[in-house]
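Subject: Structure for your files

Hello,

Please find the structure below, with its sequence. My notes come after it.

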Amino acid sequence: MRTLTSHITRLLLILIFFSAVSVANAAAYPSGRLIVIRVANFGWNLSANLKVDGRTVGNIVQGRRYDHPIPAGPHVLTVSVVPNVQSSQPTSITLNVRRGGTYIFTALWDSDHVYLRPTTLSPAEMAKLAL
């Protein structure tokens with residue numbers, strides 16, 4: 001019986017230790033929130049490829065959006081169209097993320113390129129989208 005109690009005690013101490021480490025890591029790497037909405041008339045067979053700091057984080061298809069935490073600090077957001085049948089160049093913007101901030105962009109398709117525009121949604125419109 002004593003052995004079982006000591007094993008349970010050790011297990012609980014290990015869980016407490018790992019919980020403390022994960023809380024410390026979360027505090028050390030504060031983040032914001034990045035939301036990219038794909039405009040409705042982007043194209044039925046096209047998606048917006050989103051890269052953060054040169055790494056692809058997702059393809060935003062019709063009816064979907066990108067909504068994920070992003071670490072605080074400066075980042076380069078790059079968007080391109082997929083499939084890229086017109087050989088259009090990707091466009092990039094720089095974003096300085098602050099802890100707790102929410103950054104909302106709309107991926108727009110113009111005749112020859114795709115780009116990100118900061119949102120112009122009102123608070124009521126954002127509430128409708130559950131942002």
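The notes below go from the whole chain to the strands and then to single residues.

This is a predicted model, in which local features need pLDDT of at least 70, side-chain atom pairs count only at pLDDT 80 or more, and totals for chains, interfaces and linings use all residues. Residues are numbered from 1 along each chain as its sequence is written, and side-chain values use heavy atoms, with hydrogens and water left out.

Whole chain

The protein chain has 2 helices and 8 strands; helices (H or I, at least four residues) and strands (E, at least two) are DSSP runs, numbered from the N terminus. Their order from the N terminus is α-β-β-β-β-β-β-β-β-α. Of the 131 residues, 28% are buried, where buried means under 20% relative accessible area, exposed over 50%, and partly exposed in between (1.4 Å probe, protein chains only). The chain exposes about 8800 Å², of which carbon and sulfur atoms supply 60%; accessible areas come from the Shrake-Rupley method with a 1.4 Å probe, and for residues only the protein chains shown count as cover. Among contacts (heavy atoms within 4.5 Å) between residues at least 6 apart in sequence, 59% join residues at least 24 apart.

The four-stranded sheet

An open sheet of 4 strands runs in the order β3-β2-β5-β6, with antiparallel pairing; two strands pair if DSSP finds at least two bridges between them. Its edge strands, each pairing on one side only, are β3 (55-60) and β6 (91-97). On average, neighbouring strands of this sheet are turned by 25° against each other, direction ignored; the axes are lines fitted to C-alpha atoms, for helices over the stretch in contact, and angles run from 0 to 180 degrees between N-to-C directions. Strand β5 (residues 73-82) is joined to β6 by 7 bridges, and the two run antiparallel. Gly 73 has Val 97 in β6 as its bridge partner.

Ser 47 lies in strand β2 (residues 47-52). Ser 47 counts as buried because its relative accessibility is 8%. Leaving out residues up to four places away in sequence, its contacts are Arg 38, Phe 42, Asn 59, Ile 60, Val 61, Ser 80, Val 81 and Val 82.

Ser 88 is in the loop between β5 and β6. With a relative accessibility of 9%, Ser 88 is also buried. With the sequence neighbours up to four places away again left out, Ser 88 touches Val 81, Trp 109, Asp 112 and His 113.

Strand β7 (residues 102-109) has 6 of its 8 residues buried, so it is largely enclosed by the rest of the structure. β7 pairs with β1 in the parallel sense over 6 bridges, and Thr 106 in β7 stands opposite Ile 37. β7 also pairs with strand β8 (residues 114-118), in the antiparallel sense and over 5 bridges. There, Ala 107 has Leu 116 in β8 as its bridge partner. The hairpin from β7 to β8 passes through 4 residues.

Salt bridge

The whole structure holds 1 salt bridge, defined as a side-chain nitrogen of Lys or Arg within 4 Å of a carboxyl oxygen of Asp or Glu. The side chains involved are those of Arg 33 and Asp 67 (2.7 Å, N to O). The pair links distant parts of the chain, with Arg 33 in strand β1 (residues 31-38) and Asp 67 in strand β4 (residues 65-71), 34 residues apart. Arg 33 is partly exposed at 28% relative accessibility, and Asp 67 is partly exposed at 27%.

Regards
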